[in-house]
Number of protein chains: 4
Amino acid sequence: MSMDNAPRETPERRAYYDRLEPQDLSALWTKFSTLVTKQPKSRATAHLWRYAAVRDLLMEAGELITAKEAERRVLILENPGLPGDGRVTSSLYAGLQLVLPGEIAPAHRHTQTALRFVMEGEGAHTAVDGEKTVMKPGDFVITPNWAWHDHGNDSDRPMIWMDGLDIPLVNFLDASFAEGYGADEYPRARPAGDNLARFGQGMLPIGWEAGDTRNSPVFSYPYERSRETLETLRGTGEWDACHGIKMRYVNPANGDWAMPTMGACLQLLPRGFETAAYRSTDATVFTATEGRGRSTIGETVLEWGPRDIFVAPSWAPVRHEADEDAVLFSFSDRPVQEKLGLWREDRGNA
Amino acid sequence: MSMDNAPRETPERRAYYDRLEPQDLSALWTKFSTLVTKQPKSRATAHLWRYAAVRDLLMEAGELITAKEAERRVLILENPGLPGDGRVTSSLYAGLQLVLPGEIAPAHRHTQTALRFVMEGEGAHTAVDGEKTVMKPGDFVITPNWAWHDHGNDSDRPMIWMDGLDIPLVNFLDASFAEGYGADEYPRARPAGDNLARFGQGMLPIGWEAGDTRNSPVFSYPYERSRETLETLRGTGEWDACHGIKMRYVNPANGDWAMPTMGACLQLLPRGFETAAYRSTDATVFTATEGRGRSTIGETVLEWGPRDIFVAPSWAPVRHEADEDAVLFSFSDRPVQEKLGLWREDRGNA
Amino acid sequence: MSMDNAPRETPERRAYYDRLEPQDLSALWTKFSTLVTKQPKSRATAHLWRYAAVRDLLMEAGELITAKEAERRVLILENPGLPGDGRVTSSLYAGLQLVLPGEIAPAHRHTQTALRFVMEGEGAHTAVDGEKTVMKPGDFVITPNWAWHDHGNDSDRPMIWMDGLDIPLVNFLDASFAEGYGADEYPRARPAGDNLARFGQGMLPIGWEAGDTRNSPVFSYPYERSRETLETLRGTGEWDACHGIKMRYVNPANGDWAMPTMGACLQLLPRGFETAAYRSTDATVFTATEGRGRSTIGETVLEWGPRDIFVAPSWAPVRHEADEDAVLFSFSDRPVQEKLGLWREDRGNA
Amino acid sequence: MSMDNAPRETPERRAYYDRLEPQDLSALWTKFSTLVTKQPKSRATAHLWRYAAVRDLLMEAGELITAKEAERRVLILENPGLPGDGRVTSSLYAGLQLVLPGEIAPAHRHTQTALRFVMEGEGAHTAVDGEKTVMKPGDFVITPNWAWHDHGNDSDRPMIWMDGLDIPLVNFLDASFAEGYGADEYPRARPAGDNLARFGQGMLPIGWEAGDTRNSPVFSYPYERSRETLETLRGTGEWDACHGIKMRYVNPANGDWAMPTMGACLQLLPRGFETAAYRSTDATVFTATEGRGRSTIGETVLEWGPRDIFVAPSWAPVRHEADEDAVLFSFSDRPVQEKLGLWREDRGNA
């Protein structure tokens, strides 16, 4: 049957196929089962990057190039199944960025949306459209599509965060625009912390209307608050069999994901908790902010500790076990798939 | 400046880069300007397929393979800039499908959404979830994500239509699912034409609620009605400088595009009308249903007549001239880009 | 129990209550069961107006006053349970309007939204923001909130239509604004029929965006098309036990009701069809465009023929029987109740 | 002109009008200018209730009737222009409720949505669907349409809060349903504070979906957080000329108002700040949680201090002056008017 196998090739057919190519044509039936697969067949693989190892290389980069010369001093995490493309999953990019004390990553903007998840250090800042936010470990910060942003480190320690961007997606859609601001810093506008007060405390300014980007007007979600939320909910006893206690960061203007192209979550796996097998079509990048454990992704077992980063491909069954109370941050392209009616999950019997 | 050029390579840096690859890492600053471009830099090119030429090859295929053996007997239009991938634009697929008299293309379903635009023949049908629609030239038919569909030709003439699918997009998102029904025809449910009456006449059934796919419940938009609409509007004299009289097919359940992943339009270019240069980030496939003219896409001039198919890449300026009253059908991934906040257009000074 | 009965009154309590009123206060517990009832307790009653009788009085009005002097020459149908308020249901207004040959009802606009349903005559017009629509029996026409509108009768016969407005609702919300245009006709803009072609044929103009009023951009729904739709669907055999074949007029820009404050439907009751008892919280005005039958509303049996108008109060069970193929037009405030989360229905065991 | 004045009455017309009434008809032209007014003409008036005076009467009620016998021990604030109807504005109800130490207000539910704004006392609770929230002065608590709720006071002091309900609106729409639970308390479900953690901290549970009522899943907005938000924003210096620093409570599931039928706000008027005249079509109830000042509403000047309650009718110009830093809580039917396309505001020249 043709959904499984291409029709038999004959000499006549072969000759015919050879005549198609110069005409910029090809025969669907020769590739139907690879173009339209019965289940997702991702080239991406399950993989883990040990934080300590990447950190060493990143610190070495700190001596090779300045943040300013690099525009952004980042090591990209490349999925072993998708080499050379700057992709951690098919549609997303992840990297670790280092900003040394006194350094600046100059102001620019682009249609790619970025998330930052702070791994190490405290006191560096990201500024979005001129409003600074000071970053601490576990903070989740976004720089929306086409917003001016710059980074700086006023502290005396290196600052390292994970970057997640929709670079492969935006390139796939041929929709990349970017420009430099022409100065290190975009002019400072509102005081630090304004965005969280203005948009993130259960209220919105009367008469305020959301802009075009569909990104959250809150651009910094402090870990302190998010972590406390998980702890409170732990007490209710309702732990999801597949996820433990898992929350998604939301855009308070519409209840949707904080970004239209990437969905980010924080989840608590209590000590000893073992999740039921779960799979979904959104390949997902995880990092542990606390705790140790292991994740079985398809046939691959990945042992993780704090700050290690690992990735699960689309539709691969995932099981987590926590040896200690563990907190996982994760992100994926689930909002994209949901908006397009393509997202699926399989909770097994959970 | 690093947004334009990668930082200078030194022997130390080169050595460092070489040590990254085995760790599944790479340095962002070496590829920043290619990952985040100042403007879309599509590999796709402007190109035209002459209908007569493709038709000849397609009829020849009619002798090489049956519709049933092929599952679908289609010649894929492959963008010369994206060879081998089954892509007409970065995210979309287009092909010409032939169903010969008496033939059947068996029932299957998949998460890829398809549109059909009838080029030639009359009397063949597409059935969606068991409801048949008889197809005529210029009819626009959709088979939504995960809907069972089959085709058959009860007439005595070959039937040829253009297929547009979101295959590259669904594969990029690793979200392909498909299954065969196991029989030629999905059981017949409602009578032919029911969907247009039920959903497409300015009314909706009381209490009816839209399903999950976000696709239009109307799956057949007759050319007769669409063409008459354009003619009526021609009389008002308000022709858009960039588009002439251009309408998009809509989902009556929400006013959105008829499909969540592909946007389709029909436009009238009155004889002698010349559009102002226009570009947008959604690469677009056009076909002329009537008339003759030419389109200048970037530096490329494409002369077209009835049923010829041509494609304009993302952000390439497009100008159309009609030598006769001309009607263009077109489709693109604009709904995707709009939902993600990525779509842009540039109307020049129009 | 206090949800059913007020607490017992004592002399002390009575004395206390008497002291409240001068302070603009009152005791909730004395009126709780009337303010918060266990089920809707409408003062409105089921009632029928015989068309012939109202028509005679309306023609008489044609001799007493001109359309221009009257601003609108209308007899209001006042619910017997809500006398003097110009209300056919608690929230809605209905009337019959007469425009004689050669007459004009001058241009004005107001925040009240109006629907017209044509009872008799052919050739008069309504113009909305300068676009005329010629009216025939059974046509459903809307004049949205704050749209300029005028009427005229260029034919040689009297024209009579039913008006439905949200006047009581707008007054209840203290949100009435109105102004006269200062001339009989608002300047003519687009040609007649433009709105249906532009917005009502399964397509929308590329780049067009809906305005603020939330009303449909289509303002005339021809009976010919709506009636044919019902007839087509009759053939499918799926008749709703409570409604027969019932369709709601929709706003093609969002799939919502054609107006935000009033919902209008057209339904076919095949000869001999008897609906199951049904009730909902939206009191409803019905008129028969074709056929004869009867409706049992609570304990009241109403026999109706063509053009008779009757009303069913909130939550009263309604059963229809058709002696001939019958078509009922109806309208209610269901969109309001849905938007506020208040609408309920009870389909009995159907 | 008839938009301003009814047409002249003649003996013939008078005789005609007299014949209409027995037929449940009336002539629109005799009442057009009262049914469709050029501007809102509310019967409601500007009025202030001094908290101390109402409190005295409420404490007296504490001796006359128990909370349980009363179902709810509330003094309704009746607008002087709308006497006897239990209305503070045309569409809304307001009252002050007292729960004494040890008392319980038994569990019931109704389609009317309620808000509570705590005036005095600390330690009493409201439970919504079995989840308790402990109330402090300034807390904003909602009990959505059809949610079970009960109140109790476990503290040793009287507890007084303001109730705001949509009772007149629900009755106007004939959509009231209510039932008692049959026990004092609805069974306790989640622990206190769960709702704020689960829904109100910038995250939502993965996979959670909003229900039908369109009310916020957060049902308690602590004053401490809201007040701090205002103070933070005060520092930015961007004070609205008409509103000072004014925030609306939002539903985190959709960014809409916290309730579909009532909109609630909290605003800070810094000492000495005087707002520009402002009017809107939503009649509004205010109470001062802190500070003193005066509001000029039309021609009426109302001096207010902590806990006083006052009301501004639709479209009356309102100006506030704060003699001390003042915080005003307010609520109105603005969400209703917005959803129906009826809401208007006039900022003067501000």
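Contact is taken here to mean heavy atoms within 4.5 Å. By that criterion, in this predicted model, 91 residues of chain A are in contact with 90 residues of chain B. Together, chain A and chain B bury about 8000 Å² between them, and carbon and sulfur atoms account for 62% of that area. The size of an interface is often given in just this way, as the accessible area lost when the parts come together.

The polar side of the A–B interface deserves a look as well. Six salt bridges are counted between chain A and chain B. One of the contacts of this kind pairs the side chains of A:Glu78 and B:Lys31, with a distance of 3.2 Å from N to O. There are also 46 residue pairs in polar contact between chain A and chain B, where both residues have a pLDDT of 80 or more. Sorted by class, the side of chain A that touches chain B is made up of 42 nonpolar, 25 polar and 24 charged residues.

Strand pairing also links the two chains. Strand E1 of chain A, residues 25–27, is joined by three bridges to strand E3 of chain B, residues 74–77, and the two strands run antiparallel. Within this arrangement, A:Leu25 stands opposite B:Leu77 in E3(B).

The symmetry of the A–B pair comes next. Chain A is superposed on chain B by a rotation of 180° with 0.0 Å of shift along its axis, giving an RMSD of 0.0 Å. Among the residues of chain A, A:Lys339 comes closest to the rotation axis, its C-alpha lying at 3.5 Å. The same surface serves both copies, since 99% of the contact residues of chain A recur in chain B.

Turning to chains C and D, 91 residues of chain C are in contact with 90 residues of chain D. About 8000 Å² is buried between chain C and chain D, with 62% of this area on carbon and sulfur atoms. The count of salt bridges between chain C and chain D is six. In one salt bridge, D:Arg19 meets C:Glu60, and the closest N and O atoms are 2.5 Å apart. Polar contacts across the interface of chain C and chain D number 46 residue pairs, again with both residues at pLDDT 80 or more. The side of chain C that touches chain D comprises 42 nonpolar, 25 polar and 24 charged residues.

Here too, a pair of strands spans the interface. Three bridges connect strand E3 of chain C, residues 74–77, with strand E1 of chain D, residues 25–27, in an antiparallel arrangement. C:Leu75 stands opposite D:Ala27 in E1(D).

Chain A and chain C do not touch, and their nearest C-alpha atoms are 14 Å apart. Chain B and chain D do not touch either, with 14 Å between their nearest C-alpha atoms.

Technical notes
Residues are numbered from 1 along each chain as its sequence is written. Chains are lettered from A and ligands numbered from 1 in the order in which they are written. This is a predicted model: local features need pLDDT of at least 70, side-chain atom pairs count only at pLDDT 80 or more; totals for chains, interfaces and linings use all residues. Side-chain values use heavy atoms; hydrogens and water are left out. Buried area is the accessible area (1.4 Å probe) that two parts lose on being put together, summed over both. A salt bridge is a side-chain nitrogen of Lys or Arg within 4 Å of a carboxyl oxygen of Asp or Glu. A polar contact is a pair of N or O atoms within 3.5 Å; within protein, one must be able to donate a hydrogen and the other to accept it, and residues adjacent in sequence count only if both atoms are side-chain atoms. Ala, Val, Leu, Ile, Met, Phe, Trp, Tyr, Cys and Pro count as nonpolar, Asp, Glu, Lys and Arg as charged, and the others, Gly among them, as polar. Two strands pair if DSSP finds at least two bridges between them. Helices (H or I, at least four residues) and strands (E, at least two) are DSSP runs, numbered from the N terminus. Copies are superposed by least squares on the C-alpha atoms of residues with pLDDT of at least 70 in both.
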